[in-house]
Amino acid sequence: MDDDRSHHPHPAPDWRTHGVKVIPGDSLDPNTAQTPGMNRAAAITAARAGAQKIWAGTVHIHPDAKTGAHHHGDLESIIYVVKGRARMRWGESLEFVAEAGPGDFIFVPPFVPHQEINASADETLECVLVRSGQDPVVVNLDIAPVEKPEAVKWIDPIHTA
């Protein structure tokens, strides 16, 4: 295979300006869609880093706080727990519940009504959030949650024996 770029019909990209971007943690943008009970800050967006297919940022939920019920339209979301204990409720009446701690990942499929809860009364829940698109979709919902949600344990569908 010839690796000589001189035969390529297009000029080489300007990797200095169109290559890797490092966004310092102290320069995240809080001017993004918000849900009551949490603070989101954007790190990777089209405007800030040139990203076209993903959005990434941070989420902080204060001790003993919870968000309102919401969904993110057709976007997929991944939440990585950095510090604290996350309790997720989801479903039409937020009838399901699961918890995640530091090092755990949470996947939220498109249109799933959900609520993030800080399960700790004295520690801030800190997470990294990644979404499958750039649209700042947050649809806040008026849901009356069930009294006692059903606990759901994750089972890896690929490695079950």
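The model is a predicted one, in which local features need pLDDT of at least 70, side-chain atom pairs count only at pLDDT 80 or more, and totals for chains, interfaces and linings use all residues. Residues are numbered from 1 along each chain as its sequence is written, and side-chain values use heavy atoms, with hydrogens and water left out.

**The strands around W90**

Strand β5 (residues 86–90) and strand β6 (residues 96–100) run antiparallel and are joined by five bridges; two strands are taken as paired if DSSP finds at least two bridges between them. Helices (H or I, at least four residues) and strands (E, at least two) are DSSP runs, numbered from the N terminus. β5 and β6 make a hairpin with five residues between them, and in its turn G91 has a positive phi of about 115°. β5 also pairs in the antiparallel sense with strand β8 (residues 114–118), over five bridges, and there W90 stands opposite H114.

The rings of W90 and F96 have centres 6.0 Å apart and planes at 35°, so this pair is tilted. Rings of Phe, Tyr and Trp (its six-membered ring) pair if their centres lie within 6.5 Å, with planes under 30 degrees apart counted as stacked, over 60 as edge-to-face and the rest as tilted. W90 and F96 are also touched by V152, which has V97 and A98 among its contacts as well, not counting residues up to four places away in sequence; contact means heavy atoms within 4.5 Å. V152 is found in the segment after β11 (150–151), and between V152 and H71, 81 residues apart in sequence, the C-alpha to C-alpha distance is 19 Å.

Strand β8 also holds I117. Leaving out residues up to four places away in sequence, I117 touches A65, K66, R85, A86, R87, R89 and L125. I117 and R89 lie 28 residues apart in sequence, with their C-alpha atoms 7.8 Å apart in space.

**The five-stranded sheet**

An open sheet of five strands has the order β1-β2-β9-β4-β7, with antiparallel pairing. β1 (39–44) and β7 (105–108) stand at its edges with a single partner strand each, so one side of each is left without a neighbour in the sheet. From one strand to the next the twist averages 25°, where axes are lines fitted to C-alpha atoms, for helices over the stretch in contact, and angles run from 0 to 180 degrees between N-to-C directions. Within this sheet, strand β4 (residues 77–83) and strand β9 (residues 125–131) run antiparallel and are joined by six bridges, and K83 has E126 in β9 as its bridge partner.

The structure holds two aromatic pairs. Y80 and F105 form a tilted one, at 4.8 Å centre to centre and with 55° between the planes. Y80 lies in β4 and F105 in β7, so the pair ties together parts that are 25 residues apart in sequence.

**Accessibility of the residues discussed**

Buried means under 20% relative accessible area, exposed over 50%, and partly exposed in between (1.4 Å probe, protein chains only).

| Residue | Relative accessible area | Class |
|---|---|---|
| I117 | 12% | buried |
| W90 | 25% | partly exposed |
| F96 | 25% | partly exposed |
| Y80 | 30% | partly exposed |
| V152 | 33% | partly exposed |
| F105 | 61% | exposed |

**The chain as a whole**

The protein chain has two helices and eleven strands, and from the N terminus on its elements run α-β-α-β-β-β-β-β-β-β-β-β-β. Its radius of gyration is 19 Å, whereas a compact globule of 161 residues would have one near 15 Å; the radius is taken over C-alpha atoms, and the globule rule is 2.2 Å times the number of residues to the power 0.38. Along the principal axes, the C-alpha atoms fill a box of roughly 65 × 45 × 25 Å.

Of the 161 residues in the protein chain, 32% are buried. The chain exposes about 10,500 Å², of which carbon and sulfur atoms supply 56%; such areas come from the Shrake-Rupley method with a 1.4 Å probe, and for residues only the protein chains shown count as cover. Among the contacts in the chain with a separation of 6 or more, 70% come from residues 24 or more positions apart.
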